[in-house]
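Okay, thanks for making time, everyone. Have a look at the model while I walk through a few things that came out of the geometry.

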Amino acid sequence: MTLTINPNDISGVVEADRNHVWHHLIQHKPFETVDPRIIVEGRGMRVWDATGKEHLDAVSGGVWTVNVGYGRESIANAVRDQLIKLNYFANSAGSIPGAQFAKRLIEKMPGMTRVYYSNSGSEANEKVFKMVRQISHRHRGGRKSKILYRERDYHGTTITALSAAGQPQRAAQYGPFTPGFVEVPHCLEYRNQYGAIDNYGEAAADAIEEVIVREGPDTVGAICLEPITAGGGVITPPRGYWEKVQDICRRHEVMIHIDEVVCGVGRTGTWFGYQNYGVKPDFVTMAKGVASGYAAISCTTTTEAIFELFKDDAADPLSYFRDISTFGGCASGPAAALENMRIIEDEGLLDNTLAMGARLEGNLRALMDKHAVIGDVRGKGLFWGAELVADRSTREPVDEKRAQAVVADCMAQGVIIGVTNRSIPGFNNTLCLSPALIATSDDIDRITDAIDKALSRVFG
Ligand SMILES: Cc1ncc(COP(=O)(O)O)c(C=O)c1O
């Protein structure tokens, strides 16, 4: 029997989706009466849904991913050519694009030398957690195995990544969790926990040292931090924070793991978010923007000093990193990542990110002058948040339903924006923007115009 499928005929897709697909991070009850949204096609900054409606995507695929925009034939071609030549071999062996991309990536990361491939941000972070534990077992006599994470940060969806989640609504009901993870306070100055001080950044860093001392420096091996907290409210580090954090980590011999899953590969206008703050990490993880969603790839990068700890005793069968990620051997990932990086360089997208980021910031600050409901605007490059408050003087957050109404209003206008989602109880009130690095002035203005209209309608 020959089966003919017309790829342009999507009748039946909505019903198939409604009846059989379990979507990510969403309550499905409403789909009993309204259609689930199906995205059918993308070009540049725009996507079209199954009804044919065009949307300007201000969140790069919903979750800060499609950094170079949709419809990139050169990436598709690079992936196709690679798949025909060699689609897969386990990463215990090398591949041509794997070696080439590792070299190109490391050129952007002075101080780092090694790339370990896997296929999601959660997994990239889990690799570091395993490395820290193994270093503790093999080199520290079992000491220094604890890993610190920060309130409001997120590092992934697996049980151990959730053990390091500073977002209670992501973790709730999924315990019991992996032991050995300890929370440190957030560094969101707008929600200052330390009263009237003029050195908030230092105070927030000191709070980390207090945790290290309380736990016992001998027990703490590493700290895992987002350079700019993403889903926890787009939190840029306060002045003086990173200098002090690094000093504390050096003094207590705590390794620094930077989670660049969102900020990595251009989002903040530098190759990596940590490079804005002079951080010298031991581990850097990345995923979303590495191949802009054209293939699944994540990377765990380390310094040579870390790498050396896993090959010091070749006679010991347990001395090396005994970890494998099957799909970390898919050659499509680094093939797509190489072309993604070429596009960012050849099209000058880091410069564009800085220029369009400045425009986006200016527009958001102008909206703040107009709408009292915007309490704070934070971000860097093309990565911004606007925190909505019911009262500027008390900073009481708006009801999250009203923040969601702003997102829905923008969606009705054909502009997709985001809002912090099932993150911090009572504080899912920050609008999130992360347009592709190719955004133009017109795109930026259209995004902020839509927000302007939505805020007027929702808040009067
Ligand atoms: C900062 C950060 N780290 C890790 C992850 C997990 O990445 P993934 O969903 O690819 O596992 C995310 C996902 O949003 C993230 O925002």
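Let's start with two helices: α4 passes α11 in a left-handed crossing. By left-handed I mean that the near helix is turned anticlockwise from the far one by less than a right angle; clockwise would be right-handed. Helices here are DSSP runs of H or I with at least four residues, strands are runs of E with at least two, and both are numbered from the N terminus. So which residues make the contact? On the α4 side they are Pro-97, Gly-98, Gln-100, Phe-101, Arg-104 and Leu-105, and α11 brings Pro-334, Ala-335, Ala-337, Leu-338, Met-341 and Glu-345. Contact, by the way, means heavy atoms within 4.5 Å. That set divides into eight nonpolar, two polar and two charged residues. For the classes, Ala, Val, Leu, Ile, Met, Phe, Trp, Tyr, Cys and Pro are nonpolar, Asp, Glu, Lys and Arg are charged, and the others, Gly among them, are polar.

As for the geometry, α4 covers residues 96-107 and α11 covers 332-346; they pack at about 35°, with axes 8 Å apart. The axes are lines fitted to C-alpha atoms, for helices over the stretch in contact, and angles run from 0 to 180 degrees between N-to-C directions.

Quick housekeeping. This is a predicted model, where local features need pLDDT of at least 70 and side-chain atom pairs count only at pLDDT 80 or more, while totals for chains, interfaces and linings use all residues. Residues are numbered from 1 along each chain as its sequence is written, and side-chain values use heavy atoms, with hydrogens and water left out.

We put a 1 Å grid over the protein atoms alone: a cavity is a set of points where a 1.4 Å probe fits but cannot get out, a pocket is an open set with protein on both sides within 12 Å along at least five of seven lines, and lining residues have an atom within 4 Å of a point. Points are joined across faces, edges and corners, and a volume is the space filled by probe spheres set on the points.

The second largest pocket comes out at about 790 Å³. It has 32 lining residues, and closest to its centre are Asn-91, Val-115, Tyr-116, Tyr-117 and Phe-307. Our friend α4 is back here: α4, β4 (114-118), β10 (298-302) and α10 (304-308) each supply at least two residues of that lining. By class, the pocket lining has 18 nonpolar, eleven polar and three charged residues.

How many cavities of 30 Å³ or more are there? One. The largest cavity holds about 30 Å³, and among its lining residues are Tyr-117, Phe-327, Cys-330 and Pro-334. Both β4 and α11 supply at least two residues to the cavity lining, which splits into six nonpolar, three polar and no charged.

Most residues other than glycine have a negative phi, and most peptide bonds are trans. Leu-25, though, has a positive phi near 50°, and Leu-25 sits in the loop between α1 (13-20) and β1 (39-43). Arg-395 is also positive, with phi near 65°, in the loop between β12 (383-391) and β13 (396-397). And Gly-175 and Pro-176 are joined by a cis peptide bond, omega about 0°; Pro-176 lies in the loop between α7 (168-171) and β6 (181-184).
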